[in-house]
Amino acid sequence: MKFFFKAALFVFAVTLSVVFADRAFAESEENGEPSVQAGAYTEFTGEAQPEAFSNYYIDGVMKINEDESFFFPKTTILTVRKGAELQIYVGGAVGFEGALIVEPGARVTVSGEFKAYENSRIECFGEFVTTGKSTVMLAGTFSNGEASTVVFGGNTNIYRSGVYQNRGTTTFSQSSSAVVSGNYDVAESGRLLIKGVFKTTLNAKISVSGYVYLSGKIYNTGELVFGKSAVDMLGDGQFVTGKSGRVLDERNEAKVNADEEESENTPRLLRGIDVSYWQGAIDWEKVRAAGIDFAFLRTSVGDYYTDETFYYNITEAQRNGIRVGVYHYCKANTVESARAEAKFFLEAIKPYNIEFPIVVDIEDSSQEKLSVRELTRITEAFCAEIKKAGYKPMIYSSASWLNDRIDTKQLSDYEIWVAHWGTLKPAYRGSYGVWQYSCKGIVSGINGDVDLNVAYKDYSKK
């Protein structure tokens, strides 16, 4: 009878602790930030191991030094309060089977070892930062709030039972090495920045509804799903899918009936590339299947050269349903030579129906000696010839040239295509319709690197 009574009391205590923990998390999710009653918590000072059925908090700075190790059982909650910081130094370790709450304005810094065991729960509304010497092992649930910042700099493992809910900004820095065997979910509000190495195993499932920027490496042998609202930016990164890997792009399904489903008041980002003879023979059927909406094809250079792959590219791209624009690499140093180049360009594209803009590419080194006024007049003369022929002109150049070498205010009648790689947003101060965000993209059907672009409107719609 005594044994039965003790067992019943133990079950009741565990249940009560879980209820209180769930209530705290429910309040945090409902209000967007944690709500913890200070009176029900004990300050964690590191003088003793955490006890079961106890809730703790940290005020100020709490340091876990070398050779120190603390473990929070299933029935505990640790809250790092606003303005406080938990620091885990090299050689120090903290493990959780219970729960950790990082309040807004609070911070956790890990240079040692951080373990979140199965069924544990980590809720970050502030900052969670790990350095290059850290080891992070996640087998429970890790959630970051929309206003939180998480940075992984060392070795990170998300195990098969682990779930990472990316609602805010999560960065895997250049020094990071991550292996995901569980679930990784990027919500619509989430931003995932991969600058290091990000590997997925056979059992991994990555779901993306938000924003992903890649300047590091992804080795995918699991399942990667891009939701209809996902935005992926491949900077100077590398994306490799192994034999067991799968990439499902639900955005492609939406594109099939895009004309029926979208109105003119519903803008949708279009994914594009720009190519020249450097890309060689392109399999445009594979390019289209990869989700590419449009392509700018280099047609000519100066007043003497027509790209040898242009005729093949425009025929095959249009045959496979790719919206096509064309561009000319301008070498003009006078208004007269700009007009001559424009006429040479127009003659080359004359037989074709061009859906996207007709572009002048201004970036040649020989034009660096020209004044802003001279280069602006050359650009204007070229665009005027294109417009006179009945086409929609566009100007392409780097963000720095558009800011400092061309007076785009004098060219406000024309669309801008800006090039700026390795950034989340171009530095160009004016408005633009197309952004070239990478020169090292990887697209099925193209051997080697290719420039990647996004268009903020569909120029093929009149």
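## Threonine 376

Threonine 376 is found in helix 7, residues 372-388; helices (H or I, at least four residues) and strands (E, at least two) are DSSP runs, numbered from the N terminus. Threonine 376 counts as buried because its relative accessibility is 7%; buried means under 20% relative accessible area, exposed over 50%, and partly exposed in between (1.4 Å probe, protein chains only). Leaving aside residues up to four places away in sequence, threonine 376 touches Ile406, Asp407, Gln410 and Leu411, where contact means heavy atoms within 4.5 Å.

## Model and overall make-up

This is a predicted model, in which local features need pLDDT of at least 70 and side-chain atom pairs count only at pLDDT 80 or more, while totals for chains, interfaces and linings use all residues. Residues are numbered from 1 along each chain as its sequence is written, and side-chain values use heavy atoms, with hydrogens and water left out.

The secondary structure comes to eight helices and 38 strands. Of the 462 residues of the protein, 51% count as buried. Among contacts with a separation of 6 or more, 43% are made by residues 24 or more positions apart.

## Nonpolar cores

The largest nonpolar core has 54 residues. A nonpolar core is a set of buried Ala, Val, Leu, Ile, Met, Phe, Trp, Tyr and Cys residues joined through side-chain atoms within 4.5 Å. Those with the most contacts inside the largest core are Ile273, Trp284, Val287, Leu297, Val326, Ile395 and Val443. A second, separate core has 48 residues, including Val102, Phe128, Ile194 and Leu214.

## Helix 5

Helix 5 covers residues 310-319, and its residues Phe310, Asn313, Ile314, Glu316 and Ala317 are buried. An α-helix has 3.6 residues a turn, so residues three or four places apart point the same way. The buried residues of helix 5 pack against strand 30 (270-275), helix 4 (284-289), strand 31 (294-301), strand 33 (323-329) and helix 6. Just after helix 5, glycine 321 takes a positive phi of about 80°.

## Aromatic pairs

A search of the whole structure finds 32 aromatic pairs. Rings of Phe, Tyr and Trp (its six-membered ring) pair if their centres lie within 6.5 Å; planes under 30 degrees apart count as stacked, over 60 as edge-to-face and the rest as tilted. Phenylalanine 356 and tyrosine 459 form an edge-to-face pair, 5.4 Å centre to centre with 75° between the planes. This pair links distant parts of the chain, 103 residues apart: phenylalanine 356 is in the loop between helix 6 (335-349) and strand 34 (358-361), and tyrosine 459 is in the segment after strand 38 (450-455). Phenylalanine 356 counts as buried at 3% relative accessibility, and tyrosine 459 counts as buried at 3%.

## Arginine 429

Arginine 429 lies in the loop between strand 36 (415-419) and strand 37 (434-441). Arginine 429 counts as exposed because its relative accessibility is 64%. Apart from residues up to four places away in sequence, arginine 429 touches Asn403 and Asp404. Arginine 429 and alanine 399 are 30 residues apart in sequence, with 8.1 Å from C-alpha to C-alpha.
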